[in-house]
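Please keep the sequence and the structure in view while reading.

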Amino acid sequence: MKRVDTSRSLAHVLVCTNQRTDSDLPSCADSQGFEVYDYFRDWLDERGLLTRVWLTQTHCMGWCHSDGATVAIYPDDIWYRAVTPGDCQEIIERHLRRFDGGDDGDSGSQPPTG
Ligand code: FES
């Protein structure tokens with residue numbers, strides 16, 4: 001095992017895109033989870049921040065809601081549930097805007113996708 005160097009990461013945004021198939025509980029995939037993920041991805045990509053603000057799709061984080069997806073942001077350690085694309089800009093202003101324009105061009109490291 002090797003410890004990952006996270007020192008270059010400014011923040012980590014986790015978006016649930018879980019698709020539940022085994023119960024009637026809500027699934028974030030059906031509650032605009034992918035649209036929420038795409039909103040953050042596009043905003044970060046347009047600013048060259050995807051290598052410094054990590055963005056991860058997750059399975060169920062336990063706060064399922066039929067009105068929107070669950071989102072967690074670190075290091076702020078703030079979680080939101082029932083997030084829709086219409087909420088994303090407010091979350092960005094609260095937690096990510098401070099990084100806009102602050103990228104020094106160092107690519108840092110990004111966890112593998114897939
Ligand atoms: S399915 Fe997304 S938090 Fe449970």
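The sections below treat the confidence of the model, its sheet and its helices.

## Basis and confidence

The model is predicted: local features need pLDDT of at least 70, side-chain atom pairs count only at pLDDT 80 or more, and totals for chains, interfaces and linings use all residues. Residues are numbered from 1 along each chain as its sequence is written.

The pLDDT (the predictor's confidence in each residue, from 0 to 100) averages 91 for the protein, and 89% of the residues score at least 70. Over residues 103-109, pLDDT stays under 50.

## The sheet

Strands pair if DSSP finds at least two bridges between them.

Strand 1 (residues 11-16) runs parallel to strand 2, joined by 6 bridges, and antiparallel to strand 3, joined by 4 bridges. Leucine 14 stands opposite threonine 56 in strand 2, and its bridge partner in strand 3 is alanine 72. Cysteine 16 stands opposite threonine 58 in strand 2.

## The helices

Helices are DSSP runs of H or I, at least four residues. Strand 1, helix 1 and strand 2 make a right-handed β-α-β unit: with the strands pointing away from the viewer, the path from the first strand over the helix to the second runs clockwise.

Key. Two residues are in contact if their C-beta atoms, placed from the backbone, lie within 7 Å. Helices (H or I, at least four residues) and strands (E, at least two) are DSSP runs, numbered from the N terminus.
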